[in-house]
Structure formats: structure tokens, C-alpha cells
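Here are my notes on this one, as a few numbered points. Have the structure open while you read.

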Amino acid sequence: MSYVAPKDFAVKMIDAGQAKVSLSARDTLIRAYMAGAILALAAVFAVTISVQTGSPLIGALLFPVGFVMLYLLGFDLLTGVFTLVPLAWIDKRPGVTLGSVLRNWGLVFLGNFGGAITVALLMAIVFTFGFSSDVSEVGKAIGHIGEGRTVGYAEHGLAGMLTLFVRGVLCNWMVSTGVVGAMMSTSLPGKVIAMWMPIMLFFYMGFEHSVVNMFLFPIGLMLGGDFTIGDYLIWNEIPTVLGNLVGGLTFVGLVIYATHAKTAPARTLRVKARV
């Protein structure tokens, strides 16, 4: 499977972070838009399978197909740049500043949200025959997901908010492990296997992924879910984004950087960032 040792993929992580900061706003938005759209389609796929088979496990087993496709195509998720981009700043790569890190995060957020909203609208049309008939069975299931994971948390007050945040942390611990998994092998099968496992885990466990939620909750509102935009933002998206940031950067990015990057061979060439 052409395994890449940790000391080597640690350098790849830093290089990737620097490269993402160097991208133009146009390219960053395009890649983030496509990543949000593909992940949203994968979420529809997984929920459809779960509803039709009655087995959430089968849906979780197949959901990673979207994640694998978008990363092999070179697109970017917010959860991934949360982990990779700060490492280039910490490593003091040329042209990487705190401002450029925040700029990247903001552009990727906007792109992911645009892609997810686009698919939400398209699938809402599919589930309702152009808003002319009752919501399909899969559409109803998606609407209920939005209710349970907003007002469901709100019913528990601060304990619900803490649970939501922790689920966001655990989610990006696994998702960012999948991002790094793409760097653990130089072969296509090796990359796919390494990405597939942690993504399957996060989805089946019901952890909170900010980009998946950019699709699930807006489409839930379009399909008549019993919650509000405020519920979505306060009792899901904002705490989930913060949890994803902490989980990916703390348990994946900084851990690998601290223990493996120090032992990595010095780079013979550093690409000057274009900010």
C-alpha cells in the first residue's frame, strides 16, 4: 500500500497548509464550494440508504464515498483546513500569517456553505416534486434530524450545549484523521482505506460535522422541520464549528506536529507562499 511514515506525512501536512494559504480567493472558494456540495450529496445518499434499509450502519459504511471523492479531487472542507493551515503558521512558513489563516478559514466556510445550500435546494425540489407535493419519506427523516439536533439539545440547556460542543470535537478528531489518512499512502487504494475508516466511525456515532450540518439543517427548514434559523445557528452550527476547530487542531494537527514534525528531515525546498 506504499505506507508513508509519520515523520514524512507530518511534513506533508505542513506543506498542505502552506499551499492552501497560498491559493487565490477564487480557487479557494471554488474548491470549498465543490467540497460542500459533494459532502451534502453523500449525506443524502447515507440517509436514503438508512431509511430504505432500516439500518443506519449501512448508511455509515457508505457515507465516506463522498469524503473520499472530494479529497481525491483536491477540494477543501472547513474541518480539514482547521487542522492543516495553522500548522504552516506555527512552523513559520514564509508568507503565512495569522491573518492569512483566518482568511482561508473564512473563504472555505463561505464556499462550503454555498455548496451545501445549493444541494439542499436541489434535493428539496426532488423530495417534493418541485414543492408541489408532500415531502417524501427520506425528506421527512432529514427534517426530523434537524429538530432532534437543535431543539433536542436546547431542552437540556447548558448540558445540551456542552454535549453538542463535545460531539463537534469528537467529529473532527475523526474527520481530520481521515484528512491525514490521504497522506499516509502513495497508492490510491491505501489513501481510500485510510480515509474511509475514521469517516465511517464519525458518521455512525452521530458526531456533529459543521459542513454536513450546513446541508441537513437548511434542507430541514425547507422541508418543514419544526425549528428556526436561530435554533440552527445557536444550538448547532456555531458550537459545532468551535468544537470542530478544537477537535481537529488539538487532537490531530498539534499532536502530530509536536511528536513527529520535530523528527522529520529538513525540507530541501520551501515554496514561497503567495498571499
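1. One term before we start: buried means under 20% relative accessible area, exposed means over 50%, and partly exposed is what lies in between. Contact, for the question of what covers what, means heavy atoms within 4.5 Å. Keep in mind that this is a predicted model.

2. Start with helix 1, residues 6–22. Much of the interest is in what sits inside: the buried residues of helix 1 are F9, A10, V11, M13, I14, A16, G17, Q18, K20, V21 and S22. Their cover includes helix 2, helix 5, helix 6 (98–128), helix 9 (157–181) and helix 12 (229–259).

3. Now the charges. How many salt bridges does a search of the whole structure find? It finds six. One of them pairs D8 with K7, with the closest N and O atoms 3.6 Å apart. D8 counts as partly exposed because its relative accessibility is 31%, and K7 gets the partly exposed label too, at 35%.

4. R93 deserves a look of its own. It forms a salt bridge with D15, the closest N and O atoms being 2.9 Å apart. Since R93 is in the loop between helix 5 and helix 6 while D15 is in helix 1, the pair ties together parts that are 78 residues apart in sequence. R93 is buried at 4% relative accessibility, whereas D15 is partly exposed at 23%. R93 also bridges to D91, here with 3.0 Å between the closest N and O atoms, and D91 is buried as well. Through shared partners, D15, D91 and R93 end up in one salt-bridge network.

5. The largest nonpolar core has 70 residues, and F63, F67, F202, F215 and I219 have the most contacts inside it. Helix 2 (residues 25–53) is the top contributor, giving 11 residues. Leaving aside residues up to four places away in sequence, F67 touches L39, L77, V175, G178, V179, M195 and I199.

6. Finally, check the surface. F45, L57, I58, L61, L62, V65, M69, L73, L201, Y204 and M205 form a nonpolar patch there, with about 930 Å² of accessible area together. Helix 3 (56–62), helix 4 (64–72) and helix 10 (188–205) each give two or more residues, and helix 3 has the largest share, with four. L73 sits in the loop between helix 4 and helix 5 (78–90) and is exposed, at 52% relative accessible area.

Technical notes. Residues numbered from 1 in each chain as written. Predicted model: local features only at pLDDT ≥ 70, side-chain atom pairs only at ≥ 80, totals over all residues. Heavy atoms only, no water. Patch = residues over 30% accessible without salt bridge, like charges linked within 9 Å, V, L, I, M, F, W, Y side chains within 5 Å. Areas by Shrake-Rupley, 256 points an atom, 1.4 Å probe, with all protein chains shown as cover. Salt bridge = Lys/Arg side-chain N within 4 Å of Asp/Glu carboxyl O. Buried < 20%, exposed > 50% of the residue type's maximum accessible area, 1.4 Å probe, protein only. Core = buried A, V, L, I, M, F, W, Y, C linked by side-chain atoms within 4.5 Å.
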